[in-house]
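Me: Hi! I have a structure open and would like to talk it through with you. Can we start with how strand pairing is counted?

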Amino acid sequence: MRALLILCSTLILSGCFYSDNALIGRRLAQFPLDDGVYAHTPYDENGQPWVRPAWTGEIRRRGWIYSSDVADFPHEGARMREMTPGIYAVMKPSDGYYVYGVMFLYPDGIATYHMPSCADLEDSAIAVYDVERDEDGYCEIPSWTALSSVLQLYLGAIGDEMRIDGIYRRAD
């Protein structure tokens, strides 16, 4: 089960938007999730949540990142920055680079996240922001302005067709 959890977390967090440098710097990072115990439930490719949470533990802000002492926290080292009210870009370190996703915050300690796919955007849309798509279909993002703009374009382009990749719920 532990290997399955690690594989799932890696796939969910691999994302198609990445950068070599942190685009959400320490000074501009925001921490809208309150410290506390959360249960994390991934969703399958059909948009259905797993039967039970895959991870439960305390999440805390430590300096400029979110962290947990519980092993396999899926968003270890993440930083967030609000793009529009209640919608945040999330940056997570991953093997020498940073990957980006989107988190939606709701009342009562609920947050859902989505890992966007660069393939869902037209070349002409990303070219405006000097975003380069590599041969594997991943988009390298050059700046916070480009990231925020491209993610908002992406959300507009997929509209109601957006899948949820996972949910965090307060468990304390």
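Reply: Happy to! Two strands pair if DSSP finds at least two bridges between them. One thing to keep in mind is that this is a predicted model.

Me: Good. In which sense do β1 and β7 pair?

Reply: β1 and β7 are antiparallel, with 3 bridges between them. Tyrosine 18 has valine 99 of β7 as its bridge partner.

Me: And how many bridges are there between β6 and β7?

Reply: There are 8 bridges between β6 and β7, and that pairing is antiparallel too. Alanine 89 stands opposite valine 102 of β7. The hairpin of these two strands has 2 residues between them, and aspartate 95 takes a positive phi near 50° there.

Me: What about β7 and β8, how many bridges join them?

Reply: β7 and β8 run antiparallel and are joined by 5 bridges. Phenylalanine 104 has threonine 112 as its bridge partner in β8. In this hairpin 3 residues lie between the strands, and aspartate 108 has a positive phi near 65°.

Me: Let's zoom out. How many helices and strands does the chain have?

Reply: The chain has 3 helices and 11 strands. Reading from the N terminus, the order is α-β-β-β-β-β-β-β-β-α-β-β-α-β. The radius of gyration is 15 Å, close to the 16 Å from the globule rule for 172 residues, so the chain is as compact as a globular protein of that length.

Me: What does the C-alpha trace span along its principal axes?

Reply: About 45 × 35 × 30 Å. As for burial, 46% of the 172 residues count as buried. Among contacts with a separation of 6 or more, 56% are between residues 24 or more positions apart.

Me: Now the inside. Which residues of the largest nonpolar core touch the most other members?

Reply: That core has 41 residues, and the ones touching the most other members are Phe17, Met83, Met103, Ile141, Leu147 and Tyr168. At least two core residues come from each of β3 (55–62), β5 (79–84), β6 (87–94), β7 (97–106), β8 (110–114) and α3 (144–158). α3 gives the most, with 8 residues.

Me: Which residues is phenylalanine 17 in contact with, beyond its sequence neighbours?

Reply: Leaving out neighbours within four places in sequence, phenylalanine 17 is in contact with residues including Tyr98, Val99, Tyr100, Cys139, Ile141, Val150 and Leu151.

Me: Back to α3. What do its buried residues pack against?

Reply: They pack against β1 (17–19), β5, β6, β7, β8 and α2 (123–127). Among the buried residues of α3 are Trp144, Leu147, Val150, Leu151, Tyr154 and Ile158. The helix has 15 residues and reaches 21 Å from first C-alpha to last, close to the 21 Å expected at 1.5 Å a residue. After α3 comes glycine 159, with a positive phi near 50°.

Me: Last one, about serine 67. Is serine 67 buried or exposed?

Reply: Serine 67 has a relative accessible area of 5%, and under 20% means buried, so serine 67 counts as buried. Serine 67 lies in strand β4 (residues 65–67). Its side chain makes a polar contact of 2.5 Å with the side chain of glutamate 76.

Me: Which other residues is serine 67 in contact with?

Reply: Leaving aside neighbours within four places in sequence, serine 67 is in contact with Glu58, Ile59, Arg60, Arg62 and Phe73, as well as Glu76.

Key: Residues are numbered from 1 along each chain as its sequence is written. This is a predicted model: local features need pLDDT of at least 70, side-chain atom pairs count only at pLDDT 80 or more; totals for chains, interfaces and linings use all residues. Side-chain values use heavy atoms; hydrogens and water are left out. A nonpolar core is a set of buried Ala, Val, Leu, Ile, Met, Phe, Trp, Tyr and Cys residues joined through side-chain atoms within 4.5 Å. Buried means under 20% relative accessible area, exposed over 50%, partly exposed in between (1.4 Å probe, protein chains only). Helices (H or I, at least four residues) and strands (E, at least two) are DSSP runs, numbered from the N terminus. Contact means heavy atoms within 4.5 Å. A polar contact is a pair of N or O atoms within 3.5 Å; within protein, one must be able to donate a hydrogen and the other to accept it, and residues adjacent in sequence count only if both atoms are side-chain atoms. The expected span of a helix is 1.5 Å times one less than its number of residues. The radius of gyration is taken over C-alpha atoms; the globule rule is 2.2 Å times the number of residues to the power 0.38.
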